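User: Got a model to go through with you. Can we start with how the two sides hold together?
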Amino acid sequence: MVTKSEEDQLNRLEAQVDNAGGGAWEYLCLVRKLKVRRPDKVLKHGLAILNDSKKRSALGTEEWTLCEQVAVAAMDCQSLDVAKDCIKVLRKRFPDSKRVGKLEGMLLEAKGLWAEAEKAYSSFLEDNPFDQVIHKRRVALAKAQGNITTAIECLNKYLDTFMADHDAWRELAEIYISLQMYKQAAFCYEELILSQPTNPLHHLAYADVLYTIGGLENLQAAKKYYASTINLTGGKNRRALFGVCLCTSAIGQLSKGRNKEDKDSPELQLLAVAALEKDYKQRAPGKLPLLTSALKSLRVSS
Amino acid sequence: MGSGELRYEIAQNAYIKLVLHALKHKTAAVNGILLGRLSDRGDAVEVLDAVPLFHSHLGLLPNLEISLLLIEEYYGSKGMSIVGYFHANERYDDTELGGIARNIGDHIFRYFPQAAVLLLDNKKLEALSNGKDRSPVMQLYTRDSSKNWKLVSSDGSNRLITKEPTANVVLLDYMTSGKWQNVVDFDDHLDDISKDWLNPDLFK
């Protein structure tokens, strides 16, 4: 996950490199550090460095890291010949490397040779059953073939052993959401909130899932998690502000005719509405009238 | 007249916006809303515009509800209503209309019984560069009498067409120039509200 300032920095560097302003190596390093997926740019600029013998030798041992980075980007862009060449070069330099073996497995995946890739990964895991990367490649392999049930099984088994892998929990949650298995997704976010309680994105996702499941208790819980997101982000997260408005409105509808004690106080919604209107007034004034009338339809009548 | 004989005519800008949105997020499922109205003669649904919605967590309700509220508010004042839904699957060879698409389609159907669901046809999209096909790179689904979303076969009657016959030529041109980078969806707007989900300058 990348912060806004990191993304801005990356985009600035990318624009600079695209316009031949230099900084290609810094850009490629930043992409690696932030673990973002920009395969077409990485392929273009990385290959330019690799094909220039002067620039290439200036990298020293970092040449191999770049080779690996370009190989993966090439596979993402379906430039399989480039990928094959990079991997061949790496294999020559590191003849016994498992890391290169993983790239060779990925190349089989990129070619759609599922059975061969599965065989390669299984034999890796026989030698080293705790290789996290290979475990995750197997999940990716199942997903790519459309075997979502297998992917879920593999991922659950993986998480039994490596329960601190947050990326894996998030991936599992997203797979569950895509299948509309909201209760299971909620469980994943609960795990993430337990292990990273100050990460607002987990609170937000959990609230979204609870709202989607519906029912008075879930809506009330969702509202609490939208509130904690607002707390953790200093009121800057618009999705959470909207979420509060939606929850208040939905809770109001569900608890019509019930005792007054069950009704939520409207303060939180009023604060959220005010925050949203202020934000739109500052940064998207053209949309403010639209926002105001849309939010009016969400106001709970007491 | 039931949806059995209705034609669906999609304006070039709406069509291109949706495909470019899918191309911007090649590794994710994306969706969008179709805006328009029933034709004066009642024999066709005119899709006049489209709003790209999300490229993550398509199955979650809160952001969908907010976006529908704002979209209805805006387009209602322009005499258009929500007439359908567009979906592009995550994987290239996934040609099924999944549960999320069907559920959102059902919701739209309740307000507009002639609603259509369009699913991006990846194979047709790939074959675009052959330059021969004028038909949209999408599959059309309509609700049948048993309340299911049924694929409308594209052989024979062309029930889904682009209003401008050169739409695919223009689309191909935009694809080559990387125009998809400029598409703004609702996800982008929620992250940065200065980004406009109406995409007013996209085709300028």
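Analyst: A term to begin with: a salt bridge is a side-chain nitrogen of Lys or Arg within 4 Å of a carboxyl oxygen of Asp or Glu. Lys287(A) and Asp196(B) form one through their side chains, at 2.5 Å, N to O.

User: How many salt bridges between chain A and chain B?
Analyst: The count is 5.

User: What should I know about the model itself?
Analyst: It is predicted: local features need pLDDT of at least 70, side-chain atom pairs count only at pLDDT 80 or more, and totals for chains, interfaces and linings use all residues. Residues are numbered from 1 along each chain as its sequence is written, chains are lettered from A and ligands numbered from 1 in written order, and side-chain values use heavy atoms, with hydrogens and water left out.

User: How many residues of chain A are in contact with chain B?
Analyst: 33, against 29 residues of chain B (contact means heavy atoms within 4.5 Å).

User: What area is buried between chain A and chain B?
Analyst: About 2800 Å², with 59% from carbon and sulfur atoms. That is accessible area (1.4 Å probe) lost on putting the two parts together, summed over both.

User: Which three residues supply more of chain A's share than any other three?
Analyst: Arg239(A), Lys287(A) and Leu290(A), with 22% of the area that chain A buries against chain B. Lys287(A) is also the salt-bridge partner of Asp196(B).
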